[in-house]
Amino acid sequence: MNDRPASSFDAGLQHERTALAWERTAIAMTVAGLVLSRFAAIHEYWLVAGVGLLQTAFGAGLLVWAGTHYDDLHGPLRANADVVHPHAARVVGLVTVAAIGLALATAVAVAFTR
């Protein structure tokens with residue numbers, strides 16, 4: 001692991017904002033997964049509860065990755081290399097959209113069965 005430099009790479013702090021955005025996304029995914037799994041477990045939708053737990057685990061893993069990856073950003077930025085990970089962004093986006101769709105379908109199903 002690289003030591004953090006004493007000064008910022010640039011005055012705009014883009015890499016810090018990017019790292020914080022990934023962390024916010026991971027925390028939001030984790031919280032949404034917990035809410036989904038708790039709601040599904042209360043209403044005994046066990047498959048949906050399992051999906052919520054998987055989303056929680058994925059969000060927690062993403063949070064760990066974002067924290068460890070932050071230290072790796074300084075080297076490529078100083079070398080003027082690309083630090084964007086489009087594959088990671090696609091995976092996070094797809095998992096989030098799928099989980100939200102599942103949560104919406106569950107909420108609609110529960111609303112119509114009451």
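The model is predicted: local features need pLDDT of at least 70, side-chain atom pairs count only at pLDDT 80 or more, and totals for chains, interfaces and linings use all residues. Residues are numbered from 1 along each chain as its sequence is written, and side-chain values use heavy atoms, leaving out hydrogens and water.

Let's start with the overall layout. The protein chain holds three helices and zero strands, in the order α-α-α from the N terminus. Helices (H or I, at least four residues) and strands (E, at least two) are DSSP runs, numbered from the N terminus.

| Helix | Residues |
|---|---|
| α1 | 14-42 |
| α2 | 46-78 |
| α3 | 86-113 |

Of the 114 residues in the protein chain, 25% are buried (under 20% relative accessible area; exposed is over 50%, partly exposed in between, with a 1.4 Å probe and protein chains only). In α3, the buried residues include Val 92, Ala 99, Thr 106 and Val 110.

Now for the surface. Ile 27, Val 31, Val 35 and Leu 63 form a nonpolar patch with about 330 Å² of accessible area together. Such patches take residues with over 30% relative accessible area and no salt bridge, joining nonpolar side chains (Val, Leu, Ile, Met, Phe, Trp, Tyr) within 5 Å and like charges within 9 Å. A salt bridge is a side-chain nitrogen of Lys or Arg within 4 Å of a carboxyl oxygen of Asp or Glu. Accessible areas come from the Shrake-Rupley method with a 1.4 Å probe; for residues, only the protein chains shown count as cover. Helix α1 gives the largest share of the patch, three residues, while Leu 63 lies in α2. Leu 63 counts as partly exposed because its relative accessibility is 34%.

Key:
Expected span 1.5 Å × (residues − 1).
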